[in-house]
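These entries record what I looked up in the structure shown below. I took the helices, the salt bridges and the surface patches in turn.

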Amino acid sequence: MDKNDLAKLRKEFRAGNDGLKLKEICSVYIQKDSAQILGVETEYFEQMDELKQEFYLKGFKKLITGQLDSKIFELSFADNKLGENPEQKVLFNALHSDFKEQIGYIVQKITGHSESYESDYMISFTRGEFWIPAKNEVDQDDVAKNDVVNVFEFVMGTVNLVAIPKRALMFDFEEKNFRVDIPMNVYINALSPEEGFVFPSMSEGYADSNKVIYYTKKDNQPNEAFIHHVLNCEVIPTAQDDKERFLTIIKDVTGDQVEPEVIANVYEQISEYIIDANEDSEIPTLGVKAIEQILVKSGIEDTRKLESAFLENTEKANYEFKATNLLPSSKVIEIKCSVAQIRIRHEELKRIKQVKKNGRQYLLIEIDDPAILEGFELSTEEF
């Protein structure tokens, strides 16, 4: 799955889409402290009123909204060489057989880890399908078949936390007095799931039942208990994990000090590598040999420590980084020192130098136009 597959999924989750069909929706209210089920509701999506449909539709759409390997993770089922992973079977059966029976098994798995959540919570499930136009096929007479579609069947599950409304002072218009309002109901944060999943995953518009999509609300903080015990999947590194390990490898190779231009060159080489891979319709990954080539092209000629640093930080000689995870997550990066924090695009790192004059350190930034301070143009002096 890549960002294009994710965009296809996300595009379908909108009100009024005739190509999307959600079937039954089952919601279960769980009390956190006792892990007790306090209520269950099953209703067909088409029979709901429009406002309720909107809440569920937006909540499920959240599961496919966010950055890959930061909020959204494509996971493989653990110990699944023969297709015998029990959780995969449950999810597969939920698509094609007794929906309530299969999700009941998942509910039990989730309630076994209620301590993961800060409050009572609601688990919601749905299954459905939508139609994706297939790539144009051509028959024997070279006529394009533009009406070919792929049917993508899926099951989704979300965990939504419950919020207890605060007491408030209110004015009673009938009695003409002020009194404390004691709310009797709780509110479910249905539009912002804490975590959830989509099964199966998607690859180039086709279902991949050997993988599941996991979503977490917290950037780079997947719930390993949910991944291991509920989905029975293998945990993968987050984008932040990959980037930190990659930078540690470079530091082990180069030492503690590095020219800003070298880091700029590294990011530039990775960007070019991603572009080349995308042209070949490949998911760009970097092993130790590819990283060595990037470092050499970036001006790091001595790479003798690379293999040992790579193994120490990845624990696998054949490990491959996702190239997209190694670039800065935002358009700018920070340079920190005791007197300032400078935010700059990584492409502009070549304009920065740290120099020493008369025993004092300076940070020089090459600029095209005069710098502005509180509306004033800074005066210029020779260095």
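**Entry 1: helix 8.** I listed the buried residues of helix 8 (residues 288-297) and found Val288, Ala290, Ile291, Ile294 and Leu295. These residues lie on the same side of helix 8, because they cover an arc of only 160 degrees around the axis. The arc is that of the directions from the helix axis to the C-beta atoms. Lys289, Gln293 and Lys297 are exposed on the other side of helix 8. I use buried for under 20% relative accessible area, exposed for over 50%, and partly exposed for what lies in between (1.4 Å probe, protein chains only). Helices (H or I, at least four residues) and strands (E, at least two) are DSSP runs, numbered from the N terminus.

**Entry 2: basis of the model.** I note that the model is predicted, so that local features need pLDDT of at least 70 and side-chain atom pairs count only at pLDDT 80 or more, while totals for chains, interfaces and linings use all residues. Residues are numbered from 1 along each chain as its sequence is written, and side-chain values use heavy atoms, with hydrogens and water left out.

**Entry 3: helix 1.** I then asked which residues of helix 1 (residues 3-12) are buried. They are Asp5, Leu6, Leu9 and Glu12. Seen down the axis of helix 1, these buried residues fall within an arc of 125 degrees and so line one face of the helix. Lys3 and Lys11 are exposed on the face of helix 1 turned away from the buried side. I recall that an α-helix has 3.6 residues a turn, so residues three or four places apart point the same way.

**Entry 4: salt bridges.** I found 21 salt bridges in the structure, each a side-chain nitrogen of Lys or Arg within 4 Å of a carboxyl oxygen of Asp or Glu.

- Glu24 and Arg127 meet through their side chains in a salt bridge (3.0 Å, N to O). Glu24 lies in strand 1 (residues 20-31) and Arg127 in strand 4 (residues 121-133), so the pair ties together parts that are 103 residues apart in sequence. Glu24 is buried at 10% relative accessibility, and Arg127 is buried at 13%.
- Asp69 and Lys322 also form a salt bridge (3.1 Å, N to O). This pair links distant parts of the chain, 253 residues apart: Asp69 is in the loop between helix 2 (50-61) and strand 3 (72-76), and Lys322 is in strand 16 (residues 321-322). Asp69 is buried at 4% relative accessibility, whereas Lys322 is partly exposed at 30%.
- Arg345, Glu348, Arg351 and Asp368 are linked in a network of salt bridges.

**Entry 5: surface patches.** I looked for patches, made of residues with over 30% relative accessible area and no salt bridge, joining like charges within 9 Å and nonpolar side chains (Val, Leu, Ile, Met, Phe, Trp, Tyr) within 5 Å. Accessible areas come from the Shrake-Rupley method with a 1.4 Å probe, and for residues only the protein chains shown count as cover.

Leu169, Phe171, Phe173, Phe178, Val180, Ile182 and Met184 form a nonpolar surface patch with about 850 Å² of accessible area together. Strand 8 (168-172) and strand 9 (177-181) each supply at least two of the residues in this nonpolar patch. Phe178, in strand 9, is exposed at 61% relative accessibility.
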